[in-house]
There are 2 protein chains.
Amino acid sequence: MNAAPTLDDVRRAHLRIAPYIHRTPVLTSEMLNRETGARLFFKCENFQKAGAFKSRGACNAVFSLSDVEARNGVATHSSGNHAAALARAARLRGIAAHIVMPNNSPKPKQQAVAGYGGQIVLCEPTLAARERTCQMLIDATGATLIHPYNDNRIIAGQGTAALELLTDVSGPLDALVVCLGGGGLLAGCATAAKAIQPSIRVFGIEPERGNDWVLSRKAGHPVTIPPPDTIADGLRTPRPGNVTFPIVQHLVEDVITVTEDEIAETTLFLLERMKILAEPSGAVAAAAVLFRKLPPGIRSAGVVISGGNVDWDTLASLSPAFTR
Amino acid sequence: MNAAPTLDDVRRAHLRIAPYIHRTPVLTSEMLNRETGARLFFKCENFQKAGAFKSRGACNAVFSLSDVEARNGVATHSSGNHAAALARAARLRGIAAHIVMPNNSPKPKQQAVAGYGGQIVLCEPTLAARERTCQMLIDATGATLIHPYNDNRIIAGQGTAALELLTDVSGPLDALVVCLGGGGLLAGCATAAKAIQPSIRVFGIEPERGNDWVLSRKAGHPVTIPPPDTIADGLRTPRPGNVTFPIVQHLVEDVITVTEDEIAETTLFLLERMKILAEPSGAVAAAAVLFRKLPPGIRSAGVVISGGNVDWDTLASLSPAFTR
């Protein structure tokens with residue numbers, strides 16, 4: 001296995017993907033700062049191309065391939081956002097994208113993949129079925145696997161979100177707060193942030209109902225939980241990645257959980273007060289801040305809003321106002 | 001009456017208000033560019049302090065006052081966003097704000113005014129009642145009237161939105177598209193934009209159900225229509241301002257209307273596709289672009305999203321998905 005990515009890898013990724021991604025804005029809210037007693041900087045990856053940070057890693061991976069590697073296209077399995085981002089990146093490079101998706105992934109995410117020209121194969125919503133189906137596709141097509149998180153090119157690409165955030169915020173931050181599914185975003189962001197500012201405290205946030213990282217950190221190695229039943233559909237991965245786990249162990253101070261209610265309330269709060277649409281997974285890091293789950297004494301924090309791909313039914317289900 | 005504001009006035013306003021407002025981001029959407037065949041730049045004043053561009057003009061007016069003028073506070077009548085912005089600006093300066101609001105203005109807008117310490121007096125939802133009640137308040141308190149649009153300080157303040165937009169977009173734009181209620185935002189933005197880039201074509205957009213500007217331009221002078229019944233509650237002003245009308249006549253190429261359905265669909269589109277929450281009034285300028293109401297040949301446009309203060313009930317009423 002290659003060594004873990006470095007800040008240099010993240011910087012190179014940023015140069016490589018700059019033509020294909022948004023430099024997303026960093027938003028602040030006077031009211032939220034007052035309510036939480038901290039200066040908060042929200043990195044809005046819900047405004048990213050294809051609606052999530054996943055475009056960063058996918059573009060870095062696809063545009064890292066040699067022409068020979070790229071020839072037979074790329075393949076992956078993903079609950080949705082990585083799938084759409086990879087299909088988009090493949091189209092930008094003019095190659096095929098074979099996408100294995102769990103059959104319970106939201107319709108808009110499937111439509112997005114199809115809209116970018118990705119070739120979808122549905123499978124049962126288990127990690128084993130996803131990996132098996134993907135391997136069959138690769139054997140049949142010769143496509144290159146672009147794993148959603150267990151891939152240094154992906155990790156370096158996702159880290160560009162933190163690189164931009166720390167560049168665009170003036171002055172050091174006490175903390176960086178990032179959601180945690182497979183761990184690609186957190187591993188990449190922690191790599192960039194700790195190298196740029198070693199004093200920064202990095203926290204990973206996951207749904208209480210998908211607490212595989214908390215359990216794995218206790219065990220000291222990745223453990224598998226049953227398929228998590230959480231509204232944060234982007235974070236339903238049942239096991240930390242083998243590549244991301246040691247990076248997170250090394251760089252991340254703590255992994256903290258939030259409840260389903262906290263995720264739902266935060267999604268609505270971001271919409272009503274900050275006027276931005278985050279998907280439930282995208283609100284998970286913010287939920288930890290709003291519900292004061294971080295250790296005391298943090299006076300400033302960067303918070304990644306990871307994505308905004310949510311359908312009306314999901315949104316409606318979050319609010320009593322919608323279900324009368 | 002003073003001469004119309006100039007680009008210099010807008011620049012001075014920008015320096016004056018910079019500590020009190022957000023430099024709001026300019027968002028773009030690859031997909032929208034593809035669908036409309038134009039490069040579109042959305043100036044997101046829904047992320048502005050107090051949720052709308054009105055904070056620009058209100059801060060400029062309040063911080064323009066001499067200490068003697070400021071002593072007895074400020075007063076205004078407003079359907080909501082100017083009211084909240086003025087209350088906020090007054091609190092920042094440490095003076096009183098007396099606010100006359102129509103009794104049909106949305107609850108969150110009334111709550112926002114109260115939250116900023118504004119003193120609310122409700123009145124009938126007619127322009128005559130608003131003006132009469134406001135004059136009574138001024139007579140009683142000695143407060144200075146800060147009119148929501150018929151005021152050069154307000155117009156210059158609102159123009160800072162266009163100043164930022166044209167600074168942050170690289171290269172010239174074919175057009176600038178702005179919604180039209182009393183005309184303060186359009187007059188200010190047109191003043192700044194035409195002085196910075198004389199070739200730019202400026203368009204004002206109003207609801208078909210509140211077409212006082214279209215009728216007034218035909219008549220050659222401001223005419224009054226019955227209180228407009230439109231979901232764009234920020235644009236229910238029934239008559240162009242006396243101060244804003246000649247500026248708009250001079251600088252704006254055309255005033256174009258959009259239907260209620262077009263406004264509703266655009267509000268939902270901005271939410272679903274661009275992940276931003278605009279109030280219906282805030283979506284009016286974008287509606288003209290999405291529904292191809294502009295003249296042909298426009299290849300690039302700045303579009304102001306004017307505000308984001310919308311309650312759940314209004315949002316729910318826009319979408320069949322919410323009303324099952």
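A quick word on the ground rules. This is a predicted model, where local features need pLDDT of at least 70 and side-chain atom pairs count only at pLDDT 80 or more, while totals for chains, interfaces and linings use all residues. Residues are numbered from 1 along each chain as its sequence is written, chains are lettered from A and ligands numbered from 1 in the order in which they are written, and side-chain values use heavy atoms, with hydrogens and water left out.

Now for chain A as a whole. It has 14 helices and 10 strands; these are DSSP runs (H or I of at least four residues for helices, E of at least two for strands), numbered from the N terminus. The radius of gyration of chain A is 18 Å, close to the 20 Å that the globule rule gives for 324 residues, so chain A is as compact as a globular protein of that length. That radius is taken over C-alpha atoms, and the rule is 2.2 Å times the number of residues to the power 0.38. Along the principal axes, the C-alpha atoms of chain A fill a box of roughly 55 × 50 × 40 Å.

Of the 324 residues in chain A, 63% count as buried. Buried means under 20% relative accessible area, exposed over 50%, and partly exposed in between (1.4 Å probe, protein chains only). Among contacts in chain A with a separation of 6 or more, 72% come from residues 24 or more positions apart.

In H3 of chain A (residues 54–64), 10 of the 11 residues are buried, including Arg56(A) and Phe63(A). Those buried residues pack against helices H1 (7–17), H5 (81–93) and H8 (152–168), plus strands E2 (39–44) and E3 (74–77), of chain A. In H13 of chain B (residues 280–290), 11 of 11 residues are buried, among them Pro280(B) and Leu290(B). After H13(B) comes Arg292(B), with a positive phi near 50°.

Most residues other than glycine have a negative phi.

| Residue | Phi | Relative accessible area |
|---|---|---|
| Lys275(A) | near 65° | 8%, buried |
| Arg292(A) | about 50° | 55%, exposed |

Lys275(A) sits in the loop between H12 (260–274) and H13 (280–290) of chain A, whereas Arg292(A) lies in the loop between H13 and strand E10 (300–305).

Finally, Leu185(B) belongs to helix H9 (residues 184–196) of chain B. Leu185(B) is buried, at 3% relative accessible area. Leaving aside neighbours within four places in sequence, its contacts are Phe53(B), Gln158(B), Val178(B), Cys179(B), Val304(B) and Ser306(B). Leu185(B) and Gly157(B) are 28 residues apart in sequence and 8.5 Å apart in space, C-alpha to C-alpha.

Definitions and conventions. Contact means heavy atoms within 4.5 Å.
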